[in-house]
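Student: Could we go through this model together, taking each feature with the general idea and then the case at hand?

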Amino acid sequence: MTQAHIAQTQSTQAQTPTQARWRVADVVALYELPFNDLLYRAQTVHREHFDPNTVQLSTLLSIKTGGCEEDCAYCPQSVHHDTGLKADKLMEVDAVLKAAEIAKSNGATRFCMGAAWRNPKDRHLEPIKDMIRGVKAMGLETCVTLGMLEAHQAEGLREAGLDYYNHNLDTSPEFYGQIISTRTYQDRLDTLERVRDVGINVCCGGIVGMGESRRERAGLITQLANMDPYPESVPINNLVQVEGTPLTGTAPLDPFEFVRTIAVARITMPGAMVRLSAGREQMDEALQALCFAAGANSIFYGDQLLTTSNPQAEADRKLLERLGIRAEASQKVEEEPHACDTKCGHAQIN
Ligand code: SAM
Ligand code: DTB
Ligand code: SF4
């Protein structure tokens with residue numbers, strides 16, 4: 001692909017994001033640009049769509065940890081791997097809301113709740129809907145990731161006011177079989193379609209550093225960018241190697257290749273939140289700064305991801321300050337009760 005073609009495809013994408021289709025070769029061509037050219041393009045696109053000096057702080061909470069029957073090779077929560085992780089049952093609503101209050105008081109504006117399930121049971125969704133209503137009433141953006149969903153379950157989450165559903169493609173269709181055998185790529189696409197159909201924002205990304213090739217990384221980005229429309233939110237995780245998982249010992253990804261992945265995600269999905277997700281604790285500050293320069297505009301904030309650790313909140317605040325990056329401002333919450341059908345007395349969010 002020529003430079004002009006890249007520019008043209010990019011501008012078409014910016015105007016009509018649901019129509020432009022990317023070929024894997026186009027995305028590989030972006031990866032192959034000289035590093036500075038790639039960053040320049042990503043920065044240009046980023047500035048057209050976002051304030052480049054604002055980053056969203058998102059706090060993650062594992063509301064149901066471990067004991068998952070899926071065999072995802074990267075995941076410490078799978079029963080197929082002996083990682084020594086203790087399985088817990090679903091957290092109580094009050095405990096989750098307390099954690100969200102703390103996240104908010106620390107400056108987070110988004111709260112993501114994750115459960116180690118292949119799919120949720122209907123009876124699990126009732127307390128989860130209360131969690132969503134409660135977190136939303138605090139003025140926090142809500143996201144949950146619970147595994148595969150049926151249509152009526154997606155509808156229930158939408159009724160509870162869920163802002164985003166996270167469900168990752170994780171990698172390219174070609175590499176996928178080496179990572180997960182217990183559910184198919186199509187299963188994931190089906191869940192994403194159900195989420196999209198009910199009008200919940202789609203949060204969908206993947207993991208790099210699992211031993212995939214550059215073409216396979218480009219294959220993941222191509223799949224994401226060609227969704228119609230592309231996801232509103234794209235988490236890019238760098239594999240966190242956990243002892244006992246089959247991927248422990250995988251050769252770490254070249255850090256610049258990680259930055260390139262962020263940049264390519266930004267260029268191909270210009271209006272998406274590109275989230276610098278798992279793996280940040282293993283990155284030094286200069287590398288994280290490059291990720292922001294490449295168009296990442298959200299991080300997980302707080303000392304814990306789901307089961308693994310994340311940089312200390314204080315260290316993150318200092319890093320952002322040194323870079324002149326502001327945290328996204330929180331939403332205003334009015335004092336009057338909203339029309340919650342549980343008569344819970346939650347405040348109304350503007
Ligand atoms: N069980 C649900 C599912 O798989 O959709 C939700 C939770 S799952 C832990 C959410 C995502 O976390 C996975 O899709 C994967 O992208 C990411 N993840 C899990 N373990 C990881 C690891 N060790 N390193 C990086 N990302 C990881
Ligand atoms: C996503 O893409 N990354 C987050 C979130 N979505 C749920 C999860 C990262 C998990 C990292 C490994 C762990 O802490 O267990
Ligand atoms: Fe289960 Fe999700 Fe972990 Fe896969 S990634 S093993 S589905 S918790």
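**Reading the ligand sites**

Tutor: Around ligand 1 there are 16 residues, and those that come closest are Tyr74, Thr145, Asn168, Asp170 and Val240; a residue counts as near a molecule if one of its heavy atoms lies within 4 Å of it. This is a predicted model, in which local features need pLDDT of at least 70 and side-chain atom pairs count only at pLDDT 80 or more, while totals for chains, interfaces and linings use all residues. Residues are numbered from 1 along each chain as its sequence is written, chains are lettered from A and ligands numbered from 1 in the order in which they are written, and side-chain values use heavy atoms, with hydrogens and water left out.

Student: Which backbone atoms lie by a nitrogen atom of ligand 1?

Tutor: A polar contact is a pair of N or O atoms within 3.5 Å. Here a backbone N or O atom of Tyr74 lies 3.0 Å from a nitrogen atom of ligand 1, and a polar backbone atom of Val240 is 2.9 Å from a nitrogen atom of that ligand. The protein covers 91% of the 560 Å² of accessible area that ligand 1 has on its own, areas being computed by the Shrake-Rupley method with a 1.4 Å probe.

Student: What classes of residue make up the shell around ligand 1?

Tutor: In general, Ala, Val, Leu, Ile, Met, Phe, Trp, Tyr, Cys and Pro count as nonpolar, Asp, Glu, Lys and Arg as charged, and the others, Gly among them, as polar. The shell around ligand 1 has eight nonpolar, six polar and two charged residues, whereas that around ligand 2 has seven nonpolar, six polar and no charged residues.

Student: Which side chains make polar contacts with ligand 2?

Tutor: An N or O atom in the side chain of Asn168 is 2.8 Å from an oxygen atom of ligand 2, and a side-chain N or O atom of Asn237 is likewise 2.8 Å from an oxygen atom of the ligand. A polar side-chain atom of Asn166 lies 3.1 Å from a nitrogen atom of ligand 2. Taken alone, ligand 2 exposes 400 Å², of which the protein buries 89%.

Student: Which residues are around ligand 3?

Tutor: The residues around ligand 3 include Cys68, Cys72, Cys75 and Arg183, and by class its shell has six nonpolar, one polar and two charged residues.

Student: How should I read the confidence, and where is pLDDT under 50?

Tutor: The predictor's confidence in each residue, from 0 to 100, is its pLDDT. For this protein the mean is 91, and 89% of residues reach 70 or more. The value stays under 50 over residues 1–17 and over residues 335–350. Where pLDDT is low, the predicted coordinates should not be read in detail.

Conventions. Polar contact = N/O pair within 3.5 Å; in protein donor to acceptor, adjacent residues only side chain to side chain. Contact = heavy atoms within 4.5 Å.
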